[in-house]
Amino acid sequence: MTTKNNDTDLSEFNVLVCVTGGIASYKSADIVSKLVQLNATVNVAMTDAAQQFVTPLTFQTLSGQNVYTSLWETAGEVKPTHIPLPEQADIMVIAPATANTIAKLAAGIADNPVTTMGLSAHGACPILIAPAMNCRMWDNPITQTNIQTLKDRGMAFVGPDEGYLACGATGMGRMSAPNEIVEAIRIMLGETEAEQA
Ligand SMILES: Cc1cc2nc3c(=O)[nH]c(=O)nc-3n(C[C@H](O)[C@H](O)[C@H](O)COP(=O)(O)O)c2cc1C
């Protein structure tokens, strides 16, 4: 697909980046940085597991916004954040998306900021999922069934890729590169020549 050059301006867009507890979460900082450099407004939500890998401070600094780490602490907001954030967003991106979070989304479980926003995004904004996991977790029919369920529900996927995995194995499960995920976001936002033609 033909795309605009890297001068694409996303200043009219609000992107909700959700980070879950995979080793690839360090790459999410790059996704947020790239989106901010394209002038998007970026809000970040994290699961508890994600915070084991990367600190909220990293995303707060890169995004210039409060980071949502709890359903119960609303970062100074009066309203609960899990409803308005997907309403304000033009797209919700879950990167990396763990097998656990994918399973919860497929089952409609809403027990943390990311899964609750995933449920409340219905009818509010599209969801793009970038899975990342060990190749056997990826190949597991349970995971594949959950992914098909989410695709049937209209959620979009980018990746995963095949390659070297952090566990030392080589196979499917590597999160797509930040550039590819940002490109998928731009395509979903209609910021491509092909979409605009
Ligand atoms: C070092 C380490 C790396 C992990 N990497 C992944 C991963 O890449 N993908 C995945 O699905 N789970 C991974 N896990 C397991 C998840 O962290 C675990 O399932 C957790 O409950 C996910 O929670 P969340 O989906 O709420 O973020 C990893 C766990 C550890 C300890």
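Pro 96 has its place in strand E4, where helices (H or I, at least four residues) and strands (E, at least two) are DSSP runs numbered from the N terminus. A cis peptide bond links Ala 95 to Pro 96, with omega at about -5°. The structure is a predicted model, in which local features need pLDDT of at least 70 and side-chain atom pairs count only at pLDDT 80 or more, while totals for chains, interfaces and linings use all residues. Residue numbers start from 1 along each chain as its sequence is written.

Pro 160 sits in the loop between strand E6 (156-157) and strand E7 (161-164).

Taken as a whole, the chain holds ten helices and eight strands. Of its 197 residues, 46% are buried; a residue is buried if 20 or more other C-beta atoms, placed from the backbone, lie within 10 Å of its own, exposed if 12 or fewer, and partly exposed in between. Among contacts between residues at least 6 apart in sequence, 74% join residues at least 24 apart, a contact being two C-beta atoms, placed from the backbone, within 7 Å.

Two packed helices are described by the angle between their axes and the distance between the axes. For H5 and helix H8 (residues 141-152), the axes come within 9 Å and cross at roughly 50°; axes are lines fitted to C-alpha atoms, for helices over the stretch in contact, and angles run from 0 to 180 degrees between N-to-C directions. H5 and H8 are therefore oblique to each other, given that angles under 35 degrees count as roughly parallel, over 145 as roughly antiparallel, 65 to 115 as roughly perpendicular and the rest as oblique. In this pair, Ala 99, Ile 102, Ala 103, Leu 105 and Ala 106 of H5 meet Thr 143, Asn 146, Ile 147, Thr 149 and Leu 150 of H8. That contact comprises seven nonpolar, three polar and no charged residues.

Within H5, the buried residues are Ala 99, Thr 101, Ile 102, Lys 104 and Leu 105. Their cover includes strand E4 (91-97), helix H6 (113-120), strand E5 (127-131), helix H7 (135-139) and H8. After H5 comes Gly 108, with a positive phi near 75°.

A positive phi of about 75° also occurs at Asn 39, although this residue is not a glycine. Asn 39 belongs to the loop between helix H1 (25-37) and strand E2 (41-46), and is partly exposed, with 13 other C-beta atoms within 10 Å.

Leu 85, in helix H4 (residues 84-88), counts as buried because 26 C-beta neighbours lie inside 10 Å. Leaving aside residues up to four places away in sequence, Leu 85 touches Leu 16, Asn 43, Tyr 68 and Met 117.

Terms used: Nonpolar A, V, L, I, M, F, W, Y, C, P; charged D, E, K, R; others polar.
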